[in-house]
Amino acid sequence: MSIISFEYFPPKTAEGRATLLEKTTPALQALNPAFFSVTYGAGGSTRDSTLGIVEALCAHGIDVAPHLSFGADDRDTIAALLQRYREMGVRRLVALRGDMPSGMGGASQLVYASELVAFVREQTGDHFHIEVAAYPEIHPQAESYDSDLKFLKRKLDAGANSAITQYFYNVESYFYFLDQCAAIGIDKPIVAGIMPITNYANLARFSRNCGAEIPRWICQRIEGYGKDQESIRQFGIDVVSQLCQTLLESGAPGLHFYTMNQIEPTRQIRDNLGL
Ligand code: FAD
């Protein structure tokens, strides 16, 4: 049975935080997700705001998976954060290398996710279910397709339980990726990351940086709608619903929605799936 989960980022304002907790969360919780995850700015740039949202969600009895990276932090800082999460009742983490925000130090400070997974296991044993990131269209800094697969296996072998992918719109890239993972002995679930299409300009910019491809036919269709936001919105819902339907029918173990802290279009896509 496929699970669904929802991702948040920590809002920057008190108003955004109130909306997320009081409006968005009850609406999305009604869709029965297995958990909510909350992103983390590597280098600790969102340490307090991530912690604050995680704490508030935990206080409502919601299963939360904080994202976590070493960034420029030392082992003691991360160990203390893990301890805080344990005390709050957190049982799941998303362990990442992260990307360093500009102005927060050089790339040399980034610690590979496999090392973080090993550290979490060393510190906390089996307490946490650990998710890691996977890239069906390959991480933009990867040396090669095969090396990226090898390093995904390393993260899972270090003790991660499952993976969540970067978003993609080419469904073949995901199933090919699963086959390649299986061929090198990866047998843990690889959940599909789903990015609803909301703000196309932002999505196009972000996709260029994270190495996710928006197929030409989707770009052409959206560009053809010009300023007609309603048609873009409806097209986005249809395309992503169809993608999710195909994924579920073909055996994807779960769908992880990058909600962008919005109720729609995630709710409409989920409704279209009739889960
Ligand atoms: P890693 O698995 O460490 O890999 C990073 C790169 O190094 C890859 O190219 C890999 O092939 C290579 N590599 C790995 N190990 C080695 C090694 N031993 N030697 C040489 N090369 C190696 N970013 C954030 O800042 N905050 C978030 O909250 C966040 N959440 C995310 C959630 C999901 C589900 C996904 C898919 C991504 C998320 N990201 C987040 C983005 C992510 O941090 C970036 O993609 C980052 O560049 C890589 O992180 P990683 O954990 O995949 O890195």
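## A loop residue to start with

Asn 32 is exposed, at 62% relative accessible area (exposed means over 50%, buried under 20% and partly exposed in between, with a 1.4 Å probe and protein chains only). You'll find Asn 32 in the loop between helix 1 (14–29) and strand 2 (35–38); helices (H or I, at least four residues) and strands (E, at least two) are DSSP runs, numbered from the N terminus. Its phi is near 65°, a positive value in a residue other than glycine.

A quick word on what you're looking at: this is a predicted model, where local features need pLDDT of at least 70, side-chain atom pairs count only at pLDDT 80 or more, and totals for chains, interfaces and linings use all residues. Residues are numbered from 1 along each chain as its sequence is written, and side-chain values use heavy atoms, with hydrogens and water left out.

## Around the ligand

There are 22 residues around the ligand, and Tyr 40, Arg 97, Asp 99, Tyr 135 and Asp 148 come nearest (near means a heavy atom within 4 Å). By class, this shell has 10 nonpolar, 7 polar and 5 charged residues. Here Ala, Val, Leu, Ile, Met, Phe, Trp, Tyr, Cys and Pro count as nonpolar, Asp, Glu, Lys and Arg as charged, and the others, Gly among them, as polar. Helix 5 gives the most to the shell, with 4 residues, while helix 5 (145–157) and strand 6 (162–167) each supply at least two.

Now for some atom pairs. A backbone N or O atom of Arg 97 sits 2.7 Å from a ligand oxygen. In the side chain of Tyr 112, an N or O atom is 3.3 Å from a ligand nitrogen, and the side chain of Arg 154 also has an N or O atom 3.3 Å from a ligand nitrogen. The protein covers 86% of the 990 Å² of accessible area that the ligand has on its own (areas come from the Shrake-Rupley method with a 1.4 Å probe).

## Helix 4

Helix 4 runs over residues 113–124. Its buried residues include Leu 116, Val 117, Phe 119 and Val 120. Among the elements covering the buried residues are strand 3 (64–69), helix 3 (75–88) and helix 5.

## Between strand 8 and helix 10

Met 260 lies in the loop between strand 8 and helix 10. Its phi is near 55°, positive in a residue other than glycine, and Met 260 is partly exposed at 37%. Pro 265 belongs to the loop between strand 8 and helix 10 (266–273), and a cis peptide bond joins Glu 264 to Pro 265, with omega about 5°.

Key
A polar contact is a pair of N or O atoms within 3.5 Å; within protein, one must be able to donate a hydrogen and the other to accept it, and residues adjacent in sequence count only if both atoms are side-chain atoms. The expected span of a helix is 1.5 Å times one less than its number of residues. Contact means heavy atoms within 4.5 Å.
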